[in-house]
Amino acid sequence: MTTLDRDETQTPAALPRPVVPGRPLPLRVAVPLAVAAGLALLVAFPPYGVWPLAPVGVALLAAAAHRRRLRAGAGLGFLTGVAFFAPLLAWTNLHTGYLPWVLLSLLQAGYLALLGAATAWVSPLVDRARWTWPALTGLLWVGQEALRDRTPFGGFPWGRLAFSQDTSPLLRLAVLGGAPLVTFAVALIGGLLVTAVWRGWVTAQRHAPPPTTTAPSGAVPGADGPLDGPSHAGATGARRWTPVLVPAVVAVALTAGGLLVPVAAAGSGAGVTVAIVQGNVPRLGLDFNAQRQAVLNNHVDATLELAGRVAAGQQRRPDLVVWPENSSDIDPLRNPTAGARISQAADTIGAPILVGAVLLGPGAGQVRNAGILWRPGTGADLDQLYTKRHPVPFAEYVPLRDVARMVSKQVDLIRNDFVPGSTPGVVRAGPAVLGDVICFEVAYDEVVRDTVTGGAQLLVVQTNNATFNVAEARQQMAMVRLRAVEHGRPALMASTVGVSGFVAPDGRVSDATGFNTREVVVRQLRLDDGRTLATRLGWWPEVALAALAVAALVGAAVLRRRQRVRPG
């Protein structure tokens, strides 16, 4: 039992002086705030893209969980997580039923429950030094994302705060410290907002009569709060409102300050002309596999049409053609007909094609999700083949299959498990060195970074959105934009159905295609071999911020222990 808990059992006469502690927000206020926090975070992400609402969502959750007991903080964080992740990940239930969507949403919400509990836990630190609230908020968000990005089964980084900032000035911070630094900045600004609003509420309430009730366990006696006592006599109006105005002005200044961070506008190396072929599928849904010959034909035919425009002088001949993930779900290395069709396209266009293919093996019952370079005249270049390093659990392979089958028989739809590759996606295509990542891999920091440190000059994201919708595709494009800025590289996303397009090193998107359409876009790009500060630092910014988050939790534990043993 803490000192404050003991105080509740003492009579007023036993106390040396009245204790007027701060209180958490009433639950009737905190619960709606937690739900509103999740909805604000949701609207910050594509396809809505109202990025200023991301720090607002952070601020609302911080206010709701502040000074609460751990269980209450976790519950409020879980409410935020459900309100955020359930609609954000709604595209996962389009063709697989509701169960995978519900389970995934609840799992991700569990991490925000941990965040809510951590927010409640560090409340004594915040109450002792109010200026630490913004930094603590930022650190806890980075720590939560670092955990969620890696657990379980390799993690699921969708919905990171950084991925909501694709049109924000804060996107430029990625060039300094990658996605973790952008997340920290967003949450730091959210912490500044909650500090300003909380102190504003305090200032507005200071003229009310002081409360006579005692505090719940964990609150700091005398700390400011909605029901704190009156202000010092004679304080001027300007002085009273300084604690409100300063964090609010700093929040605005930090956001605008992102525009001062220099990013590359275009590469300084050789120029290369690249074509993205978005062949489309006969119909959206999980049965795109049953349409695999038609999907392959769509991409071959679209490439042949491009070759016709090149021959007629209507289009510049590309140096490289990129097909999306699953553009050939027939193994072209084992199926002569599929291989012949791809060779026909490469020979006719006169340029190498990066083909997204499903390859059988290496073992029985195993398959690989791969990007393979197909050269004109010689066919498949087996030395330039990338196998997806991070297959998606329960979508491309089934961990704990017997246990998963007890939850849903649909796991048996995945008959062959995709096996992961072991090397980064560095593909030497001749005119350019490509950094190939496949589909959801663009969300993982190290998968993209490894291609750049391996020599990639152009980031290529091959993806298949035929089983999802345009919201998922736009969320993925936001990640491509961050990666382009982070590593100072031109980038592109090639999708079977959209959205495809090119991204400049400063994050600007060009030639974006529509959804569920057949399109071919061609653009000349400038390559780059340099390395940004974020590329050189690698994972150290995240390690440092996460370590500080752990230190804050330990510091809160020490402070709580001191409060429990305080005399009287």
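**Salt bridges, buried and otherwise**

Modeller: Let's start with E486 and R483: both are buried. Keep in mind that this is a predicted model.

Biologist: OK, and how do the side chains of E486 and R483 meet?
Modeller: In a salt bridge, 2.8 Å from N to O. The two sit three residues apart in helix α14 (residues 470-487), so about one helical turn separates them.

Biologist: Which residues are linked in a network with R483 and E486?
Modeller: E145, D149, R160 and D445 are linked with them in a network of salt bridges.

Biologist: Switching topic, how many salt bridges turn up in the whole structure?
Modeller: A search of the whole structure gives 17.

Biologist: What does R518 form a salt bridge with?
Modeller: With E305, and the closest N and O atoms are 2.7 Å apart. R518 is in the loop between β12 (509-510) and β13 (519-526), while E305 belongs to helix α10 (residues 292-311), so the pair ties together parts 213 residues apart in sequence.

Biologist: And is R518 buried, exposed or partly exposed?
Modeller: Partly exposed, at 37% relative accessibility. E305 also counts as partly exposed, with 42%.

Biologist: Last one: what about E396, which residue does it form a salt bridge with?
Modeller: That would be K388, with the closest N and O atoms 2.9 Å apart.

Biologist: Are E396 and K388 buried or exposed?
Modeller: Both are buried.

Notes: Residues are numbered from 1 along each chain as its sequence is written. This is a predicted model: local features need pLDDT of at least 70, side-chain atom pairs count only at pLDDT 80 or more; totals for chains, interfaces and linings use all residues. Side-chain values use heavy atoms; hydrogens and water are left out. A salt bridge is a side-chain nitrogen of Lys or Arg within 4 Å of a carboxyl oxygen of Asp or Glu. Helices (H or I, at least four residues) and strands (E, at least two) are DSSP runs, numbered from the N terminus. Buried means under 20% relative accessible area, exposed over 50%, partly exposed in between (1.4 Å probe, protein chains only).
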